[in-house]
Amino acid sequence: MSWLPSNDPVLGDPLSCDALELVIVPRTRDLGDGFEVRRALPHGKRQMVGPFIFFDHFGPVQFMSGKGMDVRPHPHIGLATVTYLFDGSIMHRDSEGNIQEIQPGAMNLMTAGRGIAHSERTPDVQRASGQKMLGLQSWIALPAASEEIAPSFQHYAAADLPKVRDRGFTARVIAGQAFGATSPVSMVSPWFYTEVTAEQGTTLPLDPDHEERAIYLVDGEIEIAGDRYQGPRLLIFRPGDRITVKTVGPTRMTFLGGDALEGPRHIWWNFVSSSRERIEQAKQDWKTGRFAHVPDEHEFIPLPE
């Protein structure tokens with residue numbers, strides 16, 4: 001997906017405790033056909049949580065027969081994208097020749113590095129019959145020393161990711177480590193990403209060992225230190241404090257974060273880099289057709305003017 005800056009909403013949530021640094025209300029955009037996207041990162045008060053520099057929550061939406069999502073080929077540099085679905089399917093195609101249908105619970109990590117282009121569309125079968133869509137897409141900014149690595153793609157089906165079940169909750173470890181389990185996904189810097197679904201009245205810990213941590217509430221309600229928060233919200237915590245989360249009702253959320261990068265990043269459209277000059281180069285590369293072509297695609301998103 002693509003990014004362009006917009007105004008942040010005025011926050012009405014108070015800080016719940018000393019450990020809670022910031023509460024972000026995602027910005028909402030309607031992309032047409034009732035397809036809403038809520039953007040939590042980047043934010044005017046916080047660019048990243050660990051290496052997470054972009055966080056989108058799309059749907060829920062019910063596409064009618066013949067309708068679907070069509071994100072035409074577009075470029076990336078200096079980041080990795082994570083697409084994670086709760087409902088629906090997306091067909092991924094990229095300029096490295098990877099073609100993969102993304103399904104609920106699967107992990108799809110596309111590392112752009114020095115440059116990749118990709119498209120995201122509703123598969124033909126689901127477009128013909130119609131489908132419900134709900135999911136998250138994140139960008140992981142790469143360390144400065146790894147920004148120009150070769151592009152790559154990893155895919156792990158839902159059954160290949162570790163699942164932890166305990167009293168009242170289920171956690172799928174999408175990347176990194178959580179609840180004593182480790183994802184098979186390879187990463188160039190330490191970060192973690194876990195889907196958690198919990199029944200009402202469940203108590204869960206948020207691991208204090210990670211340098212930067214957040215909880216994204218997809219739906220439901222939680223209580224922390226006596227204060228309650230309803231989804232969708234991104235709750236960002238200070239390092240080191242032990243956090244106990246209690247669900248007020250059935251809740252779906254993700255735990256995320258990791259080590260902070262060595263400095264802030266420049267972000268323009270779909271490009272992320274520690275260098276402004278590198279972004280200017282990427283602009284010209286896309287404008288003049290120097291990115292590799294995405295197979296089976298005959299259109300593209302032009303460079304914004």
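The model is predicted; local features need pLDDT of at least 70, side-chain atom pairs count only at pLDDT 80 or more, and totals for chains, interfaces and linings use all residues. Residues are numbered from 1 along each chain as its sequence is written, and side-chain values use heavy atoms, without hydrogens and water.

**The sheet**

Seven strands form an open sheet in the order 1-22-19-24-17-14-13, with antiparallel pairing. Strands here are DSSP runs (E, at least two residues), and helices are runs of H or I with at least four; both are numbered from the N terminus. Two strands pair if DSSP finds at least two bridges between them. Strand 1 (20–24) and strand 13 (163–166) stand at the edges with a single partner strand each, so one side of each has no neighbour in the sheet. Neighbouring strands are turned by 20° against each other on average, direction ignored. The axes behind this angle are lines fitted to C-alpha atoms, for helices over the stretch in contact, and angles run from 0 to 180 degrees between N-to-C directions.

**Strand pairs**

| Strands | Bridges | Facing residues |
|---|---|---|
| 19 (212–219) and 22 (233–237) | five | Ile215 and Leu235 |
| 20 (221–224) and 21 (227–230) | four | Glu221 and Gln230 |
| 20 and 23 (243–247) | two | Ile222 and Thr247 |

Strand 20 and strand 21 form a hairpin with two residues between them. In its turn, Ala225 has a positive phi of about 50°.

**Cavity and pocket**

Both terms rest on a 1 Å grid over the protein atoms alone: in a cavity a 1.4 Å probe fits but cannot get out, while a pocket is an open set with protein on both sides within 12 Å along at least five of seven lines; lining residues have an atom within 4 Å of a point. Grid points are joined across faces, edges and corners, and a volume is the space filled by probe spheres set on the points.

One cavity reaches 30 Å³ or more. The largest cavity holds about 60 Å³. Its lining includes Thr81, His92 and Phe153. Strand 9 (107–111) gives the most to this lining, with three residues.

The second largest pocket holds about 240 Å³. It is lined by 15 residues; Trp286, Gly289, Phe291, Glu299 and Phe300 are the closest to its centre.
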